[in-house]
Number of protein chains: 2
Amino acid sequence: MAPRLTAPKRGFSPAEFERRLARAQTIMAQYQLDGLLLTTPHNIRYFTGFDSQFWESPTRPWFLVVPVTGLPIAVIPEIGAPEMALTWIKDIRTWPAPMPADDGLSLLAGVISALPRRHGRIGAELGREMTIRMPVIEFLALRERLPVEVTNGSPCIWDIRMVKTEAEVAHIHHICQIASDAYEALPGKVRIGDNEREACRRLRIDIAERGADATPFLPAISGPGGVPQIVCGPHDRTLVEGDILFLDTGSTYDGYFCDFDRNYAIGKVSDAARRAHEAVWDATEAGITAARPGNTTEDVWRTMAKIVQDAGSIGNNVGRLGHGLGLQLTEPPSHMPGDNTVIREGMVLTIEPGMEYAPGKMIVHEENVVITVEGARLLTKRAPRELPVIS
Amino acid sequence: MAPRLTAPKRGFSPAEFERRLARAQTIMAQYQLDGLLLTTPHNIRYFTGFDSQFWESPTRPWFLVVPVTGLPIAVIPEIGAPEMALTWIKDIRTWPAPMPADDGLSLLAGVISALPRRHGRIGAELGREMTIRMPVIEFLALRERLPVEVTNGSPCIWDIRMVKTEAEVAHIHHICQIASDAYEALPGKVRIGDNEREACRRLRIDIAERGADATPFLPAISGPGGVPQIVCGPHDRTLVEGDILFLDTGSTYDGYFCDFDRNYAIGKVSDAARRAHEAVWDATEAGITAARPGNTTEDVWRTMAKIVQDAGSIGNNVGRLGHGLGLQLTEPPSHMPGDNTVIREGMVLTIEPGMEYAPGKMIVHEENVVITVEGARLLTKRAPRELPVIS
């Protein structure tokens with residue numbers, strides 16, 4: 001299996017980063033922030049293009065300061081300097097980390113203190129769907145010594161990242177196509193009698209062979225006519241006639257995720273399971289239509305919820321029917337009651353209705369779309385309404 | 001390539017978790033804590049065995065409360081309940097997440113408030129080499145409403161996790177053997193003229209085929225006679241005669257990491273590069289010998305640092321010469337000046353000397369060991385002193 005040939009160019013042009021920065025600075029100004037303090041891989045990558053798997057090591061904090069005017073300043077461990085120097089970032093300050101007594105804090109405090117002050121507030125990654133990547137006690141100590149207020153920058157950051165650029169969408173589209181191809185090929189690679197773990201491994205290898213960089217998310221679950229949950233596994237359970245095999249993947253290409261699942265019938269499954277799959281497929285269809293500029297995420301939720309309720313849903317434990325995605329597997333907004341985000345052009349969303357049609361028997365379906373002025377455009381290859389069969 | 005047949009049983013017995021808990025509670029008592037509040041995948045997995053790739057989604061916080069006496073209490077989103085119920089944890093409280101207005105906080109506050117109070121303090125993941133996995137503003141709000149002090153629990157948690165059980169060591173040994181085999185086979189799969197990305201992909205696939213569950217960390221870098229950094233890449237750079245190709249992997253088996261690298265000569269490399277590789281190999285040998293109970297991490301560092309300095313090192317940007325590993329790619333302690341951790345039986349450590357022998361030409365070597373009463377025992381297959389050649 002050779003890698004898919006349609007890969008978009010890796011990385012982004014300096015012009016793209018300049019546009020991202022300019023737009024971000026407009027939004028920061030609306031939030032009355034003098035700058036953003038960023039510590040997490042995805043936020044730092046968004047503004048710099050810096051890529052590393054070294055985020056797996058929790059030892060050293062990394063920082064990026066994005067002022068409301070002017071260029072970003074990277075404040076990072078020495079170990080990261082050679083690679084950061086390859087990005088468009090020009091102002092790179094380093095310290096010889098790890099240095100437990102002062103792991104970049106003095107250096108960072110100096111940079112933040114020197115920012116032009118207008119509102120006297122900077123935003124940090126303190127709010128919903130974000131966790132700051134530095135020890136909390138060090139964050140609190142930093143906050144004490146700064147001459148500016150550190151406020152919750154998460155709503156501002158999500159406003160920035162929630163609308164994708166064309167180049168970002170091309171990346172997500174590519175990884176969605178890779179995973180779609182791999183899902184389509186799976187029935188040729190798995191048989192009744194294989195176990196979940198082996199099915200999952202074959203899909204993982206196929207996705208890598210088709211050109212994905214990594215697969216951070218690939219749960220696999222099976223059960224008679226449906227599954228009890230959708231976020232854990234695989235286990236050693238053997239696939240038997242009548243099962244539903246559920247697979248979901250967040251694989252990445254050049255930092256960007258897909259996030260969609262597929263269900264397979266193991267041999268012949270019950271009519272109830274088939275009907276439930278058709279209901280979530282129909283709900284997906286309706287969700288895709290509802291996901292258009294001007295509608296809200298709650299509108300999308302309501303459209304899908306009605307269909308699965310009418311089809312006999314007794315609930316599901318997921319808590320929402322889809323969400324944003326991009327540099328992360330899940331991002332705001334959420335299709336759920338109370339989340340009244342207005343859908344806008346450039347958002348990339350999952351459409352993910354699910355239903356438990358009998359206790360412990362859940363079927364969840366999912367596609368990824370980008371919002372255009374005409375409505376949602378599929379980034380994934382639409383799943384067939386009829387369950388694909390593994391025999 | 002069939003998976004390696006010597007895999008240890010997945011998961012751990014309830015008796016193992018009981019022993020972990022009892023030992024942890026002894027350590028917590030020494031720290032005068034009434035309990036620990038845990039939010040991160042690795043800490044929760046250590047005490048529960050709960051495994052999920054869903055941690056990739058930042059949307060929902062998860063909590064585990066480990067009291068100084070009695071059993072752990074899981075406070076988790078509904079979506080995780082079916083799988084948590086398969087672990088040895090009996091007390092599982094859930095809420096229908098995501099619920100932005102109160103995402104588990106009231107439920108969690110109730111659980112913590114009901115703990116027996118002796119010292120009036122609980123420990124949270126606030127310190128070095130840890131980042132709490134919940135929004136900081138929600139953590140600060142929680143802290144306000146608790147009737148007990150929330151203190152830095154990280155030193156206590158690292159004391160608990162730093163010494164591994166036999167079953168944990170068996171897991172790490174297995175993934176180290178898988179990666180060793182894949183590294184050994186790599187010269188048969190890569191040729192002069194391939195690029196870094198393709199070499200990296202072939203290694204990733206081979207590691208998966210041999211039975212690893214995931215490969216969260218796999219940087220690849222090449223350069224004439226050495227590399228400028230060791231934590232980023234691969235890039236599209238083509239491998240040419242005289243290069244060193246550096247690969248490092250943190251792959252996992254059942255949650256446990258290996259973390260070691262290998263260097264390859266692309267065709268014929270300079271004498272200086274070969275000598276530098278031999279120097280770091282010799283330093284590794286000395287580091288392995290120095291890593292014995294009673295010595296400190298600084299002793300291990302000094303032993304290796306002397307050898308690479310004598311061999312002409314002009315520095316390196318890594319900042320330390322090895323560290324702990326286990327459920328995470330890197331864990332305390334660090335082999336570096338000022339880290340005077342006393343090495344104890346059961347610790348799993350990397351021995352990782354590196355040197356820049358000319359500007360931009362760095363060679364770093366690494367093995368993984370477990371500390372026994374007699375000294376360090378290799379978990380990896382020792383690399384050859386002479387650079388393996390890709391031709």
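1. How many residues of domain 1 of chain A are in contact with domain 2 of chain A? Nine residues of domain 1 touch 13 residues of domain 2, where contact means heavy atoms within 4.5 Å.

2. This is a predicted model, in which local features need pLDDT of at least 70, side-chain atom pairs count only at pLDDT 80 or more, and totals for chains, interfaces and linings use all residues. Residues are numbered from 1 along each chain as its sequence is written, chains are lettered from A in the order in which they are written, and side-chain values use heavy atoms, without hydrogens and water.

3. Chain A is assigned domain 1 (14–161) and domain 2 (166–390), with bounds from an automatic or database domain assignment. Their centres, taken over C-alpha atoms, lie 33 Å apart.

4. Between domain 1 and domain 2 of chain A, about 970 Å² is buried, 44% of it from carbon and sulfur atoms. Buried area is the accessible area (1.4 Å probe) that two parts lose on being put together, summed over both.

5. The two domains of chain A share two salt bridges (a side-chain nitrogen of Lys or Arg within 4 Å of a carboxyl oxygen of Asp or Glu). Asp254(A) and Arg45(A) form a salt bridge at 3.5 Å, N to O.

6. Turning to the two chains, 69 residues from chain B meet 69 residues from chain A. Together they bury about 5,900 Å², with 57% on carbon and sulfur atoms.

7. Four salt bridges are counted between chain B and chain A. Arg128(B) pairs with Asp103(A) in a salt bridge at 2.8 Å, N to O.
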